[in-house]
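Me: I would like to go through this chain with you. Could we begin with a term that we will need, and then look at the details?

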Amino acid sequence: MASAGLSGEGRELYYATVGDGPDVFWLQARIHGNELHSTEAVLQILRYLGSGRSAEAARIREALTVIVIPMYNPDGATANIR
């Protein structure tokens, strides 16, 4: 994980990158702070793509650079509001 910067209230905006393909795929979750299931969904995708057990995940990593931001709105998540 790395940080893309800070939210309006000073919280880190973490992201992870998997794959090194020529095309970039951006995946962000929890844009609205009260949509908590989206974070878990993208973390499951990230775990799948990062695993070395799937030939399909390996093909995706070769074709794409996937950037995942699991919590795009940490301020709204803390307050549990949109």
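Reply: Buried means under 20% relative accessible area. Please keep in mind that this is a predicted model.

Me: Is Ser-7 buried or exposed?

Reply: Ser-7 has a relative accessible area of 13%, which is under 20%, so Ser-7 is buried.

Me: Where is Ser-7 found, and which residues does Ser-7 touch?

Reply: Ser-7 is in the loop between S1 and S2. Leaving aside residues up to four places away in sequence, Ser-7 touches Leu-13, Pro-74 and Asp-75.

Me: How do S1 and S2 run relative to one another, parallel or antiparallel?

Reply: Strand S1 (residues 2-6) and S2 run antiparallel and are joined by 3 bridges. Ala-2 has Tyr-15 in S2 as its bridge partner. The hairpin of these strands has 5 residues between them, and there Gly-10 takes a positive phi near 90 degrees.

Me: Where do Arg-30 and Asn-80 lie?

Reply: Arg-30 lies in the loop between S3 and helix H1 (37-50). Asn-80 is in the segment after helix H3 (74-79).

Me: Why does Arg-30 count as buried, and what about Asn-80?

Reply: Arg-30 counts as buried because its relative accessibility is 11%. Asn-80 is partly exposed, with a relative accessible area of 46%.

Me: How many bridges does S4 have with S2 and with S3?

Reply: S4 pairs with strand S2 (residues 12-18) in the antiparallel sense over 3 bridges. Strand S3 (residues 23-28) runs parallel to S4, and 6 bridges join them.

Me: Which residue in S4 is the bridge partner of Val-18, and which is that of Phe-25?

Reply: Val-66 is the bridge partner of Val-18, and Val-66 is also the bridge partner of Phe-25. Thr-17, for its part, has Ile-67 in S4 as bridge partner.

Me: Which residues make up the largest nonpolar core?

Reply: That core has 10 residues in all: Ala-16, Val-18, Leu-27, Ala-29, Val-42, Leu-46, Leu-49, Ala-57, Val-66 and Val-68. The elements that give two or more residues to this core are S2, H1 and S4, and H1 gives the most, with 3 residues. In soluble globular proteins, nonpolar side chains tend to be buried together.

Me: What does Val-42 touch?

Reply: Not counting residues up to four places away in sequence, Val-42 touches Leu-27, Ala-29, Val-68 and Pro-70.

Me: How many positive and negative side chains does the chain have?

Reply: There are 7 positive and 9 negative side chains, and the centres of the two sets lie 6 Å apart.

Key:
Residues numbered from 1 in each chain as written. Predicted model: local features only at pLDDT ≥ 70, side-chain atom pairs only at ≥ 80, totals over all residues. Heavy atoms only, no water. Pairing = 2+ DSSP bridges. Helix = DSSP H or I, 4+ residues; strand = E, 2+ residues; numbered from the N terminus. Buried < 20%, exposed > 50% of the residue type's maximum accessible area, 1.4 Å probe, protein only. Contact = heavy atoms within 4.5 Å. Core = buried A, V, L, I, M, F, W, Y, C linked by side-chain atoms within 4.5 Å. Lys, Arg positive; Asp, Glu negative; His and termini not counted. Charge placed at Lys NZ, Arg CZ, Asp CG, Glu CD.
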